[in-house]
Amino acid sequence: MEETALLEIKRLIKSHVGVNEEAREYFTERQLMYIEPYLDKFKANPEEQNWIDKSEKFREEQKALEVKKALMESSKKRNERRRWIAVIVSILLISMAFVLYKSMESKQKEISSLQQKLDDQLKLDQTKELLTLVMRGRGPEYKNLTDEEIERIIYKERTYPLDSLIEIKASVSPSNKGGTNRNYTMWLDMPSFRKDEIKEVQYNFCRDFIDKLRISKDPTSSFSIGYLGYGYCPTMKIDIIRFQGDTITRYFSFEKYFEKNPLTD
């Protein structure tokens, strides 16, 4: 059996080496494993030994290449896995960021809505307070009005011609010192926010008065004047001078005033 195997190995070696080197194939790894145990049992010629050595070297190189290729393939797969993991993590982070952004956006809208409601309520409260302040001191006929009624009055007072909004008012009260002298006061009853249209108010007294012209330029007092005395003019002429240059004239009857408000001793 051993002699037969040795003969087979010799024929195998000679059949390879007998081919021109350019067309010659290296021994396979299986053939080399078959040849190796018998190398010390026969003498291979230099060319045959050289080709066996070259075949072993080639096969070792092939193994190294395969190992390198396997390592590269393994590294490539690891890198590919890492890339996929990075992609998945990026997608998760982007999704989380988007969800967080939407949550914050929704929360911000909710806060903005609440703030808007608060601002609207504050404006409403301020409007109601302003309406109350504007109507304060305007007389009993302006009390207990609804906001809508007050708004209609304010609209009228803001848009109507000034001469349709002015009324002359007066009051007469006993002197603190007693006697026949009385305190006479006159003023304009008009919307407070239209007073800045008036330059001055001229009160024209009748001929029995020494000071026949009294002028008021004070809007904070509603352009009022006053005097202490025992007499009065039956009818007063009041000239209201506007900054625009025109004059609004009103007449006030103390006779009618005393008909409604009789003098008392």
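Select Cys 206 and Cys 233 and show their side chains: the two form a disulfide, with the sulfur atoms 2.3 Å apart (the cut-off for a disulfide is a pair of cysteine sulfur atoms within 2.5 Å). Cys 206 sits in the loop between strand S3 (198-204) and strand S4 (213-216), while Cys 233 is in the loop between strand S5 (225-229) and strand S6 (235-242), so the bond ties together parts that are 27 residues apart in sequence. Strands here are DSSP runs (E, at least two residues), helices are runs of H or I with at least four residues, and both are numbered from the N terminus. Turn the view along the S-S bond and you'll find an angle of -90°, which makes the link left-handed. Cys 233 counts as buried because its relative accessibility is 1%. For this and later stops, buried means under 20% relative accessible area, exposed means over 50%, and partly exposed is in between, with a 1.4 Å probe and protein chains only. By the same cut-off, the disulfide count is one.

A word on what you're looking at: this is a predicted model, in which local features need pLDDT of at least 70 and side-chain atom pairs count only at pLDDT 80 or more, whereas totals for chains, interfaces and linings use all residues. Residues are numbered from 1 along each chain as its sequence is written, and side-chain values use heavy atoms, with hydrogens and water left out.

Next, switch to cartoon and select S3, S4, S6 and S7. These four strands make an open sheet, in the order S4-S3-S6-S7, with antiparallel pairing (strands pair if DSSP finds at least two bridges between them). S4 and strand S7 (247-253) are at the edges with a single partner strand each, so one side of each has no neighbour in the sheet. From one strand to the next, the twist averages 20°; the angles are taken between N-to-C directions, from 0 to 180 degrees, on axes that are lines fitted to C-alpha atoms (for helices, over the stretch in contact).

Stay on S3 for a moment. Five of its seven residues are buried, so S3 is largely enclosed by the rest of the structure. Moving on to S6 and S7, you'll find seven antiparallel bridges, with Thr 235 opposite Ser 253 in S7.

Which residue does Arg 242 meet in a salt bridge? Show its side chain and that of Glu 197: they come together at 3.0 Å, N to O (a salt bridge needs a side-chain nitrogen of Lys or Arg within 4 Å of a carboxyl oxygen of Asp or Glu). Arg 242 lies in strand S6 and Glu 197 in the loop between S2 and S3, so this contact ties together parts 45 residues apart in sequence. Arg 242 is buried, with a relative accessible area of 14%.

Now try Lys 217 and Glu 200, a salt bridge with its closest N and O atoms 3.7 Å apart. Lys 217 is in the loop between S4 and S5 and Glu 200 in strand S3, 17 residues apart. Is each end buried or exposed? Lys 217 is exposed at 56% relative accessibility, whereas Glu 200 is buried at 10%.

The other sheet is next: select S1, S2 and S5. It is an open sheet of three strands in the order S1-S2-S5, with antiparallel pairing. Strand S1 (167-174) and S5 hold the edges, each with a single partner strand, so one side of each lacks a neighbour in the sheet. S1 pairs with strand S2 (residues 182-189) over eight antiparallel bridges, and Lys 169 has Trp 187 in S2 as its bridge partner.

Last, go to the helices and select Glu 48 and Lys 14. They form a salt bridge, with the closest N and O atoms 3.4 Å apart. Glu 48 lies in helix H3 and Lys 14 in helix H1 (residues 2-17), so the pair ties together parts 34 residues apart in sequence.
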